[in-house]
Amino acid sequence: CVLLDELGSFFLRLLRVDRRRADGRGESVKPGECVTEVLGRFPEDLRARERVSVAISPDAATFRSDADAVAVILENVIENALVYSDPKSPVEVSVERTPDKRGAGLADLLKIRVADHGPGIPEEMINRVFKPFVRLRQDTGRGAGLGLTLVRSLAELHGGSVYIRSEEGHGTRVYVTIPELPETDRGAVLS
């Protein structure tokens with residue numbers, strides 16, 4: 001039953017974002033406010049407000065994107081950092097704006113970095129964690145292994161990317177980039 005609930009939630013979130021993408025709608029997203037809202041959703045036992053430090057660069061105070069997609073990405077990546085690291089260890093979230101140097105360079109990128117000081121991910125598992133139903137630890141009792149699948153899907157749907165750097169025993173860093181929607185044609189990046 002929990003698996004069906006999580007699958008339903010997974011597809012509803014993708015459909016909601018895809019519907020907005022089809023409408024070509026973008027909005028002004030305030031990453032700092034988005035992180036604060038996401039932290040307030042976590043259960044008390046994760047102690048998110050105590051453990052998570054946030055650094056938003058001044059140039060990333062507002063960003064044109066899909067607020068739902070950014071919130072879902074932040075929620076899943078931060079939750080993984082909280083769940084898979086020691087309950088007393090810190091989690092760092094940083095957000096910055098940078099020029100898109102991948103080609104045409106027409107838009108800026110929102111770069112999100114979430115770092116924990118947990119046990120890390122074995123190298124052979126790094127690419128597997130993006131596949132549906134893959135969980136590193138079964139003892140957490142949380143989720144069905146769809147979070148990073150959703151993160152990658154949303155990032156790629158918006159023309160962005162996600163990658164992981166991890167070293168066993170030294171923690172994990174997850175990097176997500178999302179191109180900004182252009183002012184003149186809000187649907188250009190998302191269509």
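Colleague: Why does arginine 47 count as partly exposed?

Modeller: Its relative accessibility is 32%. Buried means under 20% relative accessible area, exposed means over 50%, and partly exposed is in between, using a 1.4 Å probe and protein chains only. Since 32% falls in between, arginine 47 is partly exposed. A word on the source: this is a predicted model, in which local features need pLDDT of at least 70 and side-chain atom pairs count only at pLDDT 80 or more, while totals for chains, interfaces and linings use all residues. Residues are numbered from 1 along each chain as its sequence is written, and side-chain values use heavy atoms, with hydrogens and water left out.

Colleague: Where is arginine 47 found, and what is its phi?

Modeller: Arginine 47 is in the loop between helix 2 and helix 3. Its phi is positive, about 50 degrees, although arginine 47 is not a glycine. For context, most residues other than glycine have a negative phi.

Colleague: How many helices and strands does the protein chain have?

Modeller: There are five helices and seven strands, in the order α-β-α-α-β-β-α-β-β-α-β-β along the sequence. They are DSSP runs numbered from the N terminus: helices are H or I with at least four residues, strands are E with at least two.

Colleague: What puts the buried residues of helix 2 on the same side?

Modeller: In helix 2, residues 31-41, the buried ones are Pro31, Cys34, Val35, Val38 and Leu39. They cover an arc of only 135 degrees around the axis, so they lie on the same side of helix 2. That arc is taken from the directions from the helix axis to the C-beta atoms.

Colleague: Which elements do the buried residues of helix 2 pack against?

Modeller: Their partners include strand 2 (52-56), helix 4 (67-83), strand 4 (91-99) and strand 5 (108-116). Contact means heavy atoms within 4.5 Å. Across the protein chain, 70% of the contacts between residues at least 6 apart in sequence join residues at least 24 apart.

Colleague: How do you know that strand 2 and strand 4 pair?

Modeller: Two strands pair if DSSP finds at least two bridges between them. Strand 2 and strand 4 are joined by five bridges, so they meet that rule, and they run parallel. The bridge partner of isoleucine 56 in strand 4 is valine 95. Valine 95 in turn has isoleucine 112 as its bridge partner in strand 5, as strand 4 and strand 5 pair in the antiparallel sense over nine bridges.

Colleague: What makes strand 7 largely enclosed?

Modeller: Eight of its nine residues are buried, so the rest of the structure largely encloses strand 7. Seven bridges join strand 5 to strand 7, running antiparallel, with leucine 109 opposite proline 179. Strand 6 is also joined to strand 7 by seven bridges, again antiparallel, and there valine 162 stands opposite valine 176. The hairpin of strand 6 and strand 7 has three residues between the strands, and glycine 169 takes a positive phi near 85 degrees.

Colleague: Why is the pair of tyrosine 163 and tyrosine 175 called stacked?

Modeller: This is the one aromatic pair found in a search of the whole structure. The ring centres are 4.9 Å apart and the planes are at 15 degrees. Rings of Phe, Tyr and Trp (its six-membered ring) pair if their centres lie within 6.5 Å; planes under 30 degrees apart are stacked, over 60 edge-to-face and the rest tilted. Both values meet their cut-offs, so the pair is stacked. Tyrosine 163 is in strand 6 and tyrosine 175 in strand 7, 12 residues apart.

Colleague: What sits over the ring of phenylalanine 130?

Modeller: The charged end of arginine 152, 3.9 Å from the ring centre. The rule asks for NZ of Lys or CZ of Arg within 6 Å of the ring centre and within 35 degrees of the ring normal.

Colleague: Last one: why does leucine 181 count as buried?

Modeller: Its relative accessibility is 2%, under the cut-off, so leucine 181 is buried. Leucine 181 lies in the segment after strand 7.
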